[in-house]
Amino acid sequence: MSTALQEIQGTDYDPQEHLGCYIFTPPNASSEAQRPPKRRRTSMSKGVKQKGKATAAIATDKSPYDDEHGCELLFPQLFGGKESPQAAKRRWESYNELWKEQEKRTNRILASVNEKMLGEVSGFVKRSTPESYDGKVPTAVILVGPNIASHGPLFNQLATRIQINERIGPVVVLSSKDATNLKGVLKKLIKDATQEDQGLDDEEDTVMTKKTQGAKLLNYDLQILQNWCQEPVYEGLKVTVAIQDTEAFDSNILSDLVSLMSAYLDRIPFTLLLGVATSIEIFHEKVPKSIIRLLRGEKFDVERAEECLAKIFNDAIIGPESVLRLGPSLSDFLLRRQKNHTQSIQAFVAALKYAYMSHFYANPLSMFLAFVDDLDGLDEALEPEYLEAVKNLPSFRRRVESLLEEKNTKSIRLLLYDDAHLRDVIKTSIIHCGSYTKSLAQALEVLEIVQSFMVNQNNKLPRHELYPKALLGELDGSPAIRELLLTIKKMNSTKLIALMDKVIEVISDETDGSLQGAMLPLRERIAALIKYSRKKNLNSEFDLSMADTLRATVVSKRVQLSEKKSVLTKEEEEYSKGVKEVHDVMEQYFSENLKGLEGLLLHEVFFYDLLSPHRDVFAPRSRYAIERALSRPQDYLGCTCCSDPSEYDDNNPPSDNPIMPTMPVASILYKLYLESGPLINTFDLWSAFYSIVGDGESRDAGEGGVDRTTAQALFYRGLAELRALGFVRTSKKKTDHLAKLAWKGL
């Protein structure tokens with residue numbers, strides 16, 4: 001075997017590509033002695049036993065997911081199939097329309113994030129030359145931050161900007177997984193830079209080039225890249241090498257790579273981008289000083305992933321253009337997952353899209369969101385099933401209970417028995433939900449503005465973290481709100497005017513205009529006091545910070561406050577009254593607009609708050625799912641043959657299910673596996689298995705079982721599946737035994 005072939009097998013050779021695959025075909029496959037077929041449910045009704053040997057359901061001409069015109073419905077008809085095909089189609093169209101609009105806004109935010117940094121880095125790559133950096137390798141050190149999940153998308157944006165948008169030259173993105181050895185790094189560098197793999201000879205590890213006129217070069221020789229750069233078509237292009245995770249990159253390989261780039265710098269216009277997650281000082285400790293002397297460049301900062309998440313959350317969940325929003329539990333779950341597990345922004349967007357899909361897929365009342373701007377068209381779509389579904393909502397139940405406490409039995413009868421009145425209430429509630437979401441969004445923005453004027457910024461919470469608390473009603477009258485209002489009372493005139501200007505700017509499109517109407521006259525009055533006052537800054541009587549000493553007792557504080565009031569000027573006394581009025585206005589505004597969801601009818605339609613689908617999809621319990629699937633295969637296969645109703649009770653745990661011969665082989669072996677000890681005798685396991693699936697030779701064999709040869713093949717396949725799932729392995733103590741690797745429930 002040649003040396004080149006040995007090197008190939010050491011790096012790129014995959015032995016699994018050359019393994020044989022064998023298909024077992026029983027000799028009596030066409031005979032009558034086969035395992036009984038599985039009886040699967042083919043409709044929404046109870047399973048019907050099928051006769052014959054066919055294992056698949058007979059397809060009908062019309063699918064249950066087709067409408068009356070034969071068009072396929074991608075969402076099922078709910079209400080037990082009573083929902084009209086038009087309504088199911090409307091839910092699908094509403095989902096696509098709303099998510100498409102939200103996706104456009106999200107993509108705009110993602111494109112705008114780090115726009116300044118992308119422009120600066122692309123400009124650096126365009127203008128940098130070895131001559132301008134004294135023959136050193138032009139290097140851009142990008143401080144990408146500790147969120148590893150966001151590094152990949154960031155460098156993809158850089159590559160797109162430099163290579164496609166600016167057309168500066170090819171960009172090769174390297175990561176630590178590519179740095180197994182220098183040879184592999186150079187191979188990837190040359191292949192990605194030239195975008196060609198013609199002429200590669202995997203057997204001899206060489207490549208033919210036109211420039212050398214038939215000479216063979218090793219496919220990791222930078223002479224190939226040099227010849228590519230000297231071609232007239234590619235002349236003037238720069239080769240940008242971006243290392244995504246510099247800290248995880250092997251320091252020896254990085255040093256050798258930089259040395260080679262420096263050696264070829266007069267023939268290949270290299271530019272190096274280094275992604276540093278920690279600091280430049282730690283990077284200096286990682287790389288030898290002799291290598292650092294070969295680099296010269298600039299430092300660039302990246303916008304933090306938390307700031308990008310806040311922008312997307314504020315637009316998608318709190319923004320005025322959003323129709324569907326997340327509830328408090330799901331919002332808190334997603335935010336904690338992003339914070340604790342350093343998920344990428346794309347993972348949050350995927351979770352948001354899944355929430356949209358789940359809401360429209362499983363909730364028939366989500367159709368109401370299609371008529372937010374057309375309430376007159378809702379009357380035609382409101383069928384009796386929708387009215388009954390509204391009556392079963394928890395918010396409807398709370399509305400009836402509140403009316404019952406008020407002893408308003410007339411309104412209760414109208415809600416329960418008058419469909420026309422209920423339709424009007426539904427349309428009114430849709431309007432109230434829309435105004436509630438807009439008012440809540442503005443109140444949270446005002447709250448965030450007031451927080452920015454606090455002296456102590458340690459207790460400041462961003463808007464997206466305040467959102468779940470506001471929906472639960474935890475902010476209304478909370479200590480945090482009282483502290484904010486106290487901060488307003490202690491503000492001097494300069495800070496208060498700046499605060500009022502920002503608040504008035506935010507509430508310019510307020511729904512009812514109550515806050516704006518109250519703030520404008522107060523702002524003009526305080527501005528007039530400042531204009532005619534001799535002092536540049538007016539202090540209120542509530543601010544004790546101007547006093548020389550502060551005493552601890554309540555009596556001393558009262559004495560000190562009275563003394564301060566006596567030395568206040570006339571303008572400051574008027575200013576104190578104005579500050580008190582601003583405090584009262586803001587207190588009333590927060591109490592009216594930071595209420596929870598409990599009293600809002602139909603909030604289940606506008607706020608999606610189911611945790612279980614997201615937990616199963618984005619934080620799955622794979623081991624529990626595998627164990628449950630092996631214990632109760634009938635729940636996943638939708639068949640009736642894998643359970644015995646006479647022996648199985650729903651109250652029993654899954655492990656108490658009887659072992660049926662029609663179960664999948666892995667399920668049968670798993671149930672026998674649960675009954676065994678730490679070491680399993682292979683022959684005993686085979687005997688028990690054959691007694692279940694055998695053709696009647698043993699006393700416990702099922703009817704219509706398989707012959708011994710087929711049973712052995714099924715047994716071997718089932719053991720291989722259990723071994724692949726990580727349940728068993730061959731015992732080192734006893735060769736004819738299997739060792740248990742997992743215990744159920746542990």
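I looked up H359 and found it buried, at 2% relative accessibility; buried means under 20% relative accessible area, exposed over 50%, and partly exposed in between, with a 1.4 Å probe and protein chains only. The model is predicted, so I note that local features need pLDDT of at least 70, side-chain atom pairs count only at pLDDT 80 or more, and totals for chains, interfaces and linings use all residues. Residues are numbered from 1 along each chain as its sequence is written, and side-chain values use heavy atoms, with hydrogens and water left out.

**Entry on H359.** I placed H359 in helix 12, residues 345-362. Helices (H or I, at least four residues) and strands (E, at least two) are DSSP runs, numbered from the N terminus. Not counting residues up to four places away in sequence, H359 touches L324, S366, L369, E604, V605 and Y608. Contact here means heavy atoms within 4.5 Å.

**Entry on the cavities.** I counted 3 cavities of 30 Å³ or more. A cavity is a set of points, on a 1 Å grid over the protein atoms alone, where a 1.4 Å probe fits but cannot get out; lining residues have an atom within 4 Å of a point. Grid points are joined across faces, edges and corners, and a volume is the space filled by probe spheres set on the points. The largest cavity holds about 50 Å³ of space. I listed its lining as L98, E101, Q102, R105, E321, S322, V323, L324 and Y356. Helix 2 gives the largest share of that lining, 4 residues. By kind, the lining has 4 nonpolar, 2 polar and 3 charged residues. Ala, Val, Leu, Ile, Met, Phe, Trp, Tyr, Cys and Pro count as nonpolar, Asp, Glu, Lys and Arg as charged, and the others, Gly among them, as polar.

**Entry on helix 14.** Which residues of helix 14 (384-391) are buried? I found Y386, L387, A389, V390 and K391. Their cover includes helix 2 (85-112), helix 13 (378-381), helix 15 (394-405), helix 16 (409-417) and helix 17 (419-452).

**Entry on phi.** Most residues other than glycine have a negative phi. I noted D134, with a positive phi near 55°, in the loop between helix 3 (115-127) and strand 1 (137-143). L602 also has a positive phi, near 70°, and lies in the loop between helix 23 (570-593) and helix 24 (603-606). Are these two residues buried or exposed? D134 is exposed, at 57% relative accessible area, whereas L602 is buried, at 0%.

Conventions:
On a 1 Å grid over the protein atoms alone, a cavity is a set of points where a 1.4 Å probe fits but cannot get out, and a pocket is an open set with protein on both sides within 12 Å along at least five of seven lines; lining residues have an atom within 4 Å of a point.
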